[in-house]
Amino acid sequence: MWMALAAIVLGLVVLVWSADRFVDGAAATARHLGLPPLLIGMLVIGFGTSAPELTVSALAAVQGNPGVALGNAYGSNITNIALIVGVVALISPLAVHSQVIRQELPVLGVMTLISLWCLHDGVISRSDAIVLLMLLFGFLGYSIWRSQRPDKDALKTDMESEAVAQSMSLKRGVIWTLIGLVLLIVSSRFLVWGAVTIAEAFGVSDLVIGLTVVAIGTSLPELASSISAVRKNQHDLVLGNVVGSNLFNTLAVVGLAGVIHPIEVDPAVVVRDWPVMAALTMALLVFGIGIKGQGRINRLEGGVLLASFIGYTTWLVMGVVL
């Protein structure tokens, strides 16, 4: 038991550190290869901050623990919106200037609805997973096309300032990318083993472990990068990280895990976890686009999101205790 707990703690610490190194290295490499700043922000950083979820869920699927894979993806989406956006909005209200984000929020809403279609028959089959991955590639293609447009956008400005602030040689960028990727895989293996071992010891489903311990742990890179961005007054970068990460979680993380091994869907996902994720996604969409005028997430709305996270997590924990 103590070995499993130590594996979780060590796995989370190395996972967060290696994800940060992977993102920095990949972004620097992409800049040296001439990728536009907006594309780096949408793809490299969006993928990079979802790299922990991706590796954890893929390994969980390989090892026959689909509950961890699905719980990690959906739990991370819930954590990203309710915990991360909630905490950051309490620190500083978030104003949404970027048209890119305002366009992507409805896309995230549609993908969330499509994920319900994949869940409705009780299994995410390989064909369902392939559909998710095809949607991901379509989104990537659209993002690449949009990044070539000359128009100015607030998110693009934030990414350009980040690119100037972070200078790294191509060689160093490649090295850190590779080191980060290797450590992501190793730490994810420790984390999954520890989480599944503790779940079996206490009779807790691997879905609940995936929704709580694993989801919160793999979302720590987004929390760190979001707090850093809001301290620099880069509000659009905060929401860009969250929206991009949730899109990757919904499409890439679940899609890859489902291709590796079909995922049996616990009925609780459909009646409890998906509705929470969908409601929070809708709230983020309404707050971000704005009913009247500019989208803005104030401290009151941030408090509501954070309270939702506390309530949901308490609900899960009480279900285990009782």
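This is a predicted model: local features need pLDDT of at least 70, side-chain atom pairs count only at pLDDT 80 or more; totals for chains, interfaces and linings use all residues.
## Basis

Local features need pLDDT of at least 70 and side-chain atom pairs 80 or more, while totals for chains, interfaces and linings use all residues. Residues are numbered from 1 along each chain as its sequence is written, and side-chain values use heavy atoms, without hydrogens and water.

## Glu53

Glu53 sits in helix 3 (residues 51–62). Helices are DSSP runs of H or I, at least four residues, numbered from the N terminus. Glu53 is buried, at 0% relative accessible area (buried is under 20%, exposed over 50%, partly exposed in between; 1.4 Å probe, protein chains only). Leaving aside residues up to four places away in sequence, Glu53 touches Asn72, Ser76, Thr218, Ser219, Glu222, Asn249 and Val253 (heavy atoms within 4.5 Å).

## Helix 12

Helix 12 (residues 267–289) bends by about 35 degrees at Asp273. The bend is the angle between axes fitted to the seven residues ending there and the seven starting there. Pro275 follows within four residues.

At the start of helix 12, a side-chain oxygen of Asp266 comes within 2.9 Å of the backbone nitrogen of Ala268.

## Aromatic pairs

The whole structure holds two aromatic pairs (ring centres of Phe, Tyr or Trp, its six-membered ring, within 6.5 Å; planes under 30 degrees apart are stacked, over 60 edge-to-face, the rest tilted). Trp17 and Trp176 are edge-to-face, with centres 5.8 Å apart and planes at 75 degrees. This pair links helix 1 to helix 8, across 159 residues. Trp17 is partly exposed at 39%, and Trp176 is partly exposed at 22%.

Tyr312 and Trp315 are also edge-to-face, at 6.4 Å and 85 degrees. They lie about one helical turn apart, because three residues separate their positions in helix 13. Tyr312 is buried at 5%; Trp315 is partly exposed at 47%.

Key
Helices (H or I, at least four residues) and strands (E, at least two) are DSSP runs, numbered from the N terminus. A polar contact is a pair of N or O atoms within 3.5 Å; within protein, one must be able to donate a hydrogen and the other to accept it, and residues adjacent in sequence count only if both atoms are side-chain atoms.
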